[in-house]
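This report describes selected strands, helices and packing contacts of one protein model. Please consult the sequence and the structure alongside the text.

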Amino acid sequence: MASALLAAVLICGAACTATRAAERGGGQIHARIVDDATGATVAARVALTDGSGKAVEVAGEHPHVDCLNKRWCYVGGEFTAVLPSGDVMLEIRRGIETRPFVATLRANSRGPAPEKTFRLQRWFDRRKAGFVAGDIHAHLPVPAEARFHMEVEDLDTQVLLHMADSVSELPTNALFTGKLDEHSTPEQQIFVGQEVREWHMGHLTLLGLKELVPGYPDMGGGLEYWRSVPHLDLTPAARATRAQGGMIAWSHLCSLPGAESPVLAALGLLDAIELVTWNDPTTLPNHLAPWQESGFSQAEFPVMRALDLYYTLLNAGFRLPVAAGTDKFFEDIPLGSNRTYAHTGSVTGFDAWLAAIKAGRSFVTNGPILEFEVDNHRSGDVIEFNGSRQVRVRAKARSILPFAMIEIIHNGRSVAHRTVYGLEPVDGLYTMEVDTAVRIDESSWLAARVAEHPDIRRPILPRGLSVFAHTSPIYFLDHGKPVREGASIAYLQKYVRGLLHWLDGQPDFLRASDRAAAREAAEQALAYYERL
């Protein structure tokens, strides 16, 4: 009886809503979203906007996200909406490999709700190209909900991270299993990993864990505008992850470079760098403790952008691939807004994706699909040569989001670029290519990137990010010797000396042994850099 009464109320509510819309001159619409090539219904996100710029809500309960200055509704392939009178702008998006669909709708206030079918066209097929795409760093939604988000955003893999916090416990924290989450499918695979957070030392993304790494019951360090807790040393977490056969990524270098990043690199305890996760890597980070507490002036030890710090590590001989994620908690960013493409060939799945990232066969992006090769070699390849060599470098970027520049980077320097302000899309895609010769006279790395010029940044993406993409490097080693740039090595020496200076002040650690261990690790790292 109660069920029947509820159904009657819902039917009456829908009918009354439609009647009120008709009285205003509007009406209902029911629509399907399908893949143009296969005709299959596909999940997507939908934004409806009336003539005054106000969002029009899709009927029913569904997730939302804010992006590109619009309020989006996540739908499972079909949706119903009550349209106001006048023109309503419809936009449908599904990840970055599908052309956006845009149309103007006008409600029919008389007769039955019209049935519409909207067809989405995929312009890039990553699986045919041998890629798996995923988000390496998020916290919410929980796996049961994340799978639908992944379908909408066209993602294959998703890492959700356990994050210890004594004040605010994440629901994800109770869902670590050390294996693929039970809500995974062959198409969408979810793994709960762990983030260790230390606001002075840095954050680590720990992947492929069989067990949670103990010893980190809360965040470490302090933020003066939030709360302060004792500090933690990151090296035990990295070593424990190694012991489990897991993978260690430096979390969001773009926002929190951390004091221990060059230490873990020197000790061989880093497998990848999250180049774009929270901040824009073309701007300065928002956590500056390694510089502020170093004892050096800015003239002696200047703050670097995440891009430049990453290049400094590469120039000291570390072969560190790039990765990307969203650090998603709320509706302010879609899962996969920043994502990692890894070339896995004919193999798919989470394990293959992680292995390919670790091997350097990756690029990161929040829009552009990057193609990059040097003398027919791809990202992650290591080529030995003797003396000098001239190589042919090709890079191509295609994107549904606008960008103005594509560059070739050689040992941290832009050696070729193409810049077109006001680039017009062709068939919905912005496209640029660079094809150039580069002479190599020493051990080197080369990469391609799409990054906005600092004078004309257009922060159109969530959290003020501009359109960005970057490949992992290709390495050319003269007589097999690693890259060695004196200025970069000297900078990293100062970085570690700055950490030792801070430790001299006897900051409060959770365990006194942690402070001693952090000092020992920093001294080992400094000795390593001094030997280079």
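## Basis of the description

The model is predicted, and local features are reported only at pLDDT of at least 70, side-chain atom pairs only at pLDDT 80 or more, while totals for chains, interfaces and linings use all residues. Residues are numbered from 1 along each chain as its sequence is written, and side-chain values use heavy atoms, with hydrogens and water left out.

Helices (H or I, at least four residues) and strands (E, at least two) are DSSP runs numbered from the N terminus. A residue is called buried under 20% relative accessible area, exposed over 50%, and partly exposed in between (1.4 Å probe, protein chains only).

## The open sheet S6-S1-S9

Three strands form an open sheet in the order S6-S1-S9, with mixed pairing; two strands pair if DSSP finds at least two bridges between them. Strand S6 (78-83) and strand S9 (115-120) are the edge strands, each pairing on one side only. On average, neighbouring strands of this sheet are turned by 30° against each other, direction ignored.

Strand S1 (residues 27-35) and S6 run antiparallel and are joined by six bridges. Within this pairing, Gly27 has Leu83 of S6 as its bridge partner.

Strand S18 (residues 362-365) runs antiparallel to S26 and is joined to it by three bridges. Strand S25 (residues 444-451) is likewise antiparallel to S26, with three bridges. His470 takes part in both pairings: this residue is the bridge partner of Val364 and of Arg449.

Strand S27 (residues 474-478) is largely enclosed by the rest of the structure, because five of its five residues are buried. Ile474, Phe476 and Asp478 lie on one side and Tyr475 and Leu477 on the other, and both faces are covered. Four bridges connect S27 to strand S20 (residues 382-385) in a parallel arrangement, in which Val382 is the bridge partner of Tyr475. S27 also pairs with S25, here in the antiparallel sense over three bridges, and Ser444 is partnered by Phe476.

Helix H6 is mostly covered, with nine of its ten residues buried. The buried residues are Ala306, Leu307, Leu309, Tyr310, Tyr311, Thr312, Leu313, Leu314 and Asn315. Just after H6, Gly317 adopts a positive phi of about 100°.

In helix H7 (residues 350-358), the buried residues are Phe350, Ala352, Trp353, Leu354, Ala356 and Ile357. Gly360 follows H7 and has a positive phi, near 85°.

## Packing around helix H8

The axes of helix H6 (residues 306-315) and helix H8 (residues 486-504) come within 8 Å and cross at roughly 110°. H6 is therefore roughly perpendicular to H8. Axes are lines fitted to C-alpha atoms, for helices over the stretch in contact, and angles run from 0 to 180 degrees between N-to-C directions. Angles under 35 degrees count as roughly parallel, over 145 as roughly antiparallel, 65 to 115 as roughly perpendicular and the rest as oblique. The crossing of H6 and H8 is left-handed, a term used if the near helix is turned anticlockwise from the far one by less than a right angle, with clockwise being right-handed. Leu309, Thr312, Leu313 and Asn315 of H6 make the contact with Ser488, Tyr491, Leu492 and Tyr495 of H8, where contact means heavy atoms within 4.5 Å. This contact comprises five nonpolar, three polar and no charged residues. Ala, Val, Leu, Ile, Met, Phe, Trp, Tyr, Cys and Pro count as nonpolar, Asp, Glu, Lys and Arg as charged, and the others, Gly among them, as polar.

H8 also packs with helix H9 (residues 512-531), at an angle of about 160° and with the axes 9 Å apart. H8 is therefore roughly antiparallel to H9, and their crossing is left-handed. Residues in this contact include Leu492, Val496 and Leu500 of H8 and Ala518, Ala522 and Tyr529 of H9. By class, the contact of H8 with H9 has eleven nonpolar, one polar and six charged residues.

## Loop residue Gly51

Gly51 lies in the loop between strand S2 (44-49) and strand S3 (55-56). Gly51 counts as exposed because its relative accessibility is 77%. Gly51 and Val88 are 37 residues apart in sequence, and their C-alpha atoms are 6.3 Å apart in space.
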